[in-house]
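Have the viewer open as you read.

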Amino acid sequence: MADVVTPNMPSRTPIFLTGATGYIGGSVLQCLLEHPSASTFNITLLVRNAAKGDILRSTYGVDVVVGNHQELGKLESLARNAHVVFHTADADDEPAVRAILAGLRKRHAELGDLPILIHTSGTAVLSDTAKRGDGTETIYSDLNVEQLKAIPPTALHRNVDLLVIEADAQGYARTHIIFPSTVYSIAQGPLFDAGISNPHSMQIPYLIRAALGRKRAGIVGEGNVLRPNVHILDVADLYITLFDAIVRDPAHTGHGWEGLYFGANDGHDWDQVARAIGQALVELGVCDDPAPTAFTNAELVRYFGSNAASWFNTSGARARADRSRSIGWKPRYTVEDMLKSIKPEVVAIMREREASKA
């Protein structure tokens, strides 16, 4: 880790990670704890649940601060004390990101350190709601900076992404943004087995829970919208691949506008997902017809919160992770793995539903 240590820093690299009890954050933390250089890390976490914090502190040797992302002064202080920040929590929490950036600015001003931020956004920033149900023809590459600069400021996640990129332009931090696509599969490992971190993603489990509620697979719109996807192990590996590249060769690892990294490997359409859910429901005796039917407006409100929120599972985006691969990222899983992951996810969610009734 000598490449990232400045004269004003301790011998162990101070790392602050948000979202440790979440799906992506827990996966990234697990990778950091298993990293070959883990003994040189001083990892600090911010968690809401004090009991989980005690387990993390006693079992994994990390520093834990109990709190939440609305405590902006606490966030700012934790960021100020870290050379590397992994922000894996809410991609749209602008006040939290502003607090983290304020902390990094203070660190740079007070210590002369150039801190590193690895922020989490999402490929939903590429989505076009105007083409709902029709897909999108534009294929984005994370190497095409001019194409990425042309994304409108009204796009989902864009306001926060621009703040992160501007921090790099101002020179007080080196910033990088990872854009996970549809992340799938049940996360596994010690943190998940212990109930510390959430093992489920969002998009596909939302559809599964809705299908179980209506006892039939459902679909929004025509279902023929293309969307990129990535296995949870592959996207966690992208965070570590990027971190290792920064440590190994910071001068030649893209940051700022050249530090946008897509977490996307293969692609699917939502009809494929709905049919896989339907088949799982038939095999598990929930219903006798695997064919999905359209959600009604009332069901969209019931299962997604609103008609507008269902866009999360209908919008299209197409992405090539060219920059991610250029730093050595080698995703292993394909759309076939995604479809195979759906039945185990249905089984797990059914068990959770039964346990909640007990």
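The sections below cover the model itself, its cores, its pocket and cavities, its cysteines and a few loop residues.

## About the model

This is a predicted model, in which local features need pLDDT of at least 70 and side-chain atom pairs count only at pLDDT 80 or more, while totals for chains, interfaces and linings use all residues. Residues are numbered from 1 along each chain as its sequence is written, and side-chain values use heavy atoms, with hydrogens and water left out.

Let's begin inside. In soluble globular proteins, nonpolar side chains tend to be buried together. Here the largest nonpolar core has 74 residues, and those with the most contacts inside it are Leu 45, Leu 56, Phe 86, Leu 104 and Ile 118. Helix α9, residues 232-248, gives the most to this core, with 10 residues. Apart from it lies another core, of 27 residues, including Ala 217, Val 286, Val 346 and Ile 349. A nonpolar core here is a set of buried Ala, Val, Leu, Ile, Met, Phe, Trp, Tyr and Cys residues joined through side-chain atoms within 4.5 Å. Buried means under 20% relative accessible area, exposed means over 50%, and partly exposed is in between (1.4 Å probe, protein chains only). Helices (H or I, at least four residues) and strands (E, at least two) are DSSP runs, numbered from the N terminus.

Leu 45 is worth a click. This residue is found in strand β2 and is buried, with a relative accessible area of 0%. Contact means heavy atoms within 4.5 Å. Not counting residues up to four places away in sequence, Leu 45 touches Phe 16, Leu 17, Ala 20, Leu 29, Leu 56, Val 62, Asp 63, Val 64 and Val 65. Turn next to Leu 104: leaving aside neighbours within four places in sequence, its contacts are Ala 79, Ala 82, Val 85, Pro 115, Leu 117, Tyr 172 and Ala 173.

## The largest pocket

How many residues line the largest pocket? There are 41, of which Thr 88, Ala 89, Asp 90, Ala 91 and Met 202 lie nearest its centre. The elements giving two or more residues to this lining are α1 (23-33), β2 (41-47) and β8 (182-184), and the largest share, 3 residues, comes from α1. The volume of this pocket is about 990 Å³.

By residue type, the pocket lining divides into 14 nonpolar, 21 polar and 6 charged. In this count Ala, Val, Leu, Ile, Met, Phe, Trp, Tyr, Cys and Pro are nonpolar, Asp, Glu, Lys and Arg are charged, and the others, Gly among them, are polar.

## Cavities

The structure also holds 2 cavities of 30 Å³ or more. On a 1 Å grid over the protein atoms alone, a cavity is a set of points where a 1.4 Å probe fits but cannot get out, and a pocket is an open set with protein on both sides within 12 Å along at least five of seven lines; lining residues have an atom within 4 Å of a point. Grid points are joined across faces, edges and corners, and a volume is the space filled by probe spheres set on the points.

The largest cavity has a volume of about 40 Å³. Its lining is made up of Val 125, Leu 126, Leu 148, Ile 151, Arg 158, Phe 179, Leu 260 and Phe 262, which divide into 7 nonpolar, no polar and 1 charged.

## Cysteines

The model holds 0 disulfides (pairs of cysteine sulfur atoms within 2.5 Å). Cys 31 is partly exposed, at 25% relative accessible area, whereas Cys 287 is buried, at 14%.

## Loop residues to look at

Is His 157 buried or exposed? His 157 is buried, with a relative accessible area of 10%, and sits in the loop between α5 (145-149) and α6 (158-170). Not counting residues up to four places away in sequence, His 157 touches Ala 91, Asp 92, Ser 121, Gly 122, Ala 124 and Val 125. Its phi is near 75°, a positive value in a residue other than glycine.

Ala 155 is also found in the loop between α5 and α6 and is buried, at 14%. Ser 185, in the loop between β8 and α7 (190-193), has a phi near 90°, a positive value in a residue other than glycine.
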